[in-house]
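Good morning, colleagues. I would ask you to keep the sequence and the structure in view while I speak.

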Amino acid sequence: MTDILMPKATAVWLVDNTSLSFEQIADFCGLHPLEVRGIADGDVARDIRGVDPVTGGQLTREELEKAQDNPDYRMKAVVSRHAELLKPSKTGPKYTPVSRRQDRPDAISWFVRNHPEVTDAQIAKLLGTTKSTIESVRNRTHWNSANIKPVDPVTLGLIGQLQLDEIVKKAADKKAKDDAKNGGAALQSIQTEPEEPEFVPEERVRPGAEPTAESVFGKND
């Protein structure tokens, strides 16, 4: 049995327009015979409109006639081009070529050198690497440190320009917020010492009064 499009709608049409047995229809449509019986009784797929598999290109007229003449015959569906297109494509695990994997340290070095605001976690996720590898490139303890040189990951083909712009912008915004927060806290923690009042000697002469010899030299007895 080949998967067909709209199996219940096809079963509805076959029940209404052919003399096929429930088992034959169930086998062709990939349903249970009891489900086909329920369609015939009106208990299943009441609101589904039947679809002709012959005009739809999923069954030949010869196959249908052969099955109606022989209850033991099981119909073979025509492989539908549309059905093949609608099948979900299965993608295997992402594989990074060896050449690209060798380029990762260069891209890591580029980030470390040009965008230190991008965190190791962001770099690891973006390039598909590990934090330990990033640390080894940063500390120059990587086994291939002598040959590592900073190269733009876009140039290496590891990521797209839009991805790079987005990650750099996010990192820069976060750093600006953190700096503003830390700077504000530092300003609040600074305590200014109160200024001492300026010393003003006590005036011996009343303001506005003319100085006299007596006030300057004292009174002679």
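Let me begin with a definition: a helix here is a DSSP run of H or I with at least four residues, and helices are numbered from the N terminus. In this predicted model, just after helix 8, R140 takes a positive phi of about 60 degrees.

Let us stay with helix 8. Which of its residues are buried? Helix 8 spans residues 131-138, and its buried residues are I134, S136 and V137. Viewed down the helix axis, these buried residues fall within an arc of 165 degrees, so they line one face of helix 8. The face turned away from that buried side carries K131 and S132, which are exposed.

I turn now to the aromatic residues. The structure holds one aromatic pair. The ring centres of W110 and F111 lie 5.3 Å apart with their planes at 80 degrees, and the pair is therefore edge-to-face, since angles over 60 degrees count as such. Are these two residues buried or exposed? W110 is buried, at a relative accessible area of 14%, and F111 is buried as well, at 0%.

Finally, the protein chain as a whole. The chain has eleven helices and zero strands. Of its 221 residues, 29% are buried. As for contacts between residues at least 6 apart in sequence, 60% join residues at least 24 apart. The chain exposes about 16300 Å², of which carbon and sulfur atoms supply 51%.

Thank you for your attention.

Key: Residues are numbered from 1 along each chain as its sequence is written. This is a predicted model: local features need pLDDT of at least 70, side-chain atom pairs count only at pLDDT 80 or more; totals for chains, interfaces and linings use all residues. Side-chain values use heavy atoms; hydrogens and water are left out. Rings of Phe, Tyr and Trp (its six-membered ring) pair if their centres lie within 6.5 Å; planes under 30 degrees apart count as stacked, over 60 as edge-to-face and the rest as tilted. Buried means under 20% relative accessible area, exposed over 50%, partly exposed in between (1.4 Å probe, protein chains only). Helices (H or I, at least four residues) and strands (E, at least two) are DSSP runs, numbered from the N terminus. The arc is that of the directions from the helix axis to the C-beta atoms. Contact means heavy atoms within 4.5 Å. Accessible areas come from the Shrake-Rupley method with a 1.4 Å probe; for residues, only the protein chains shown count as cover.
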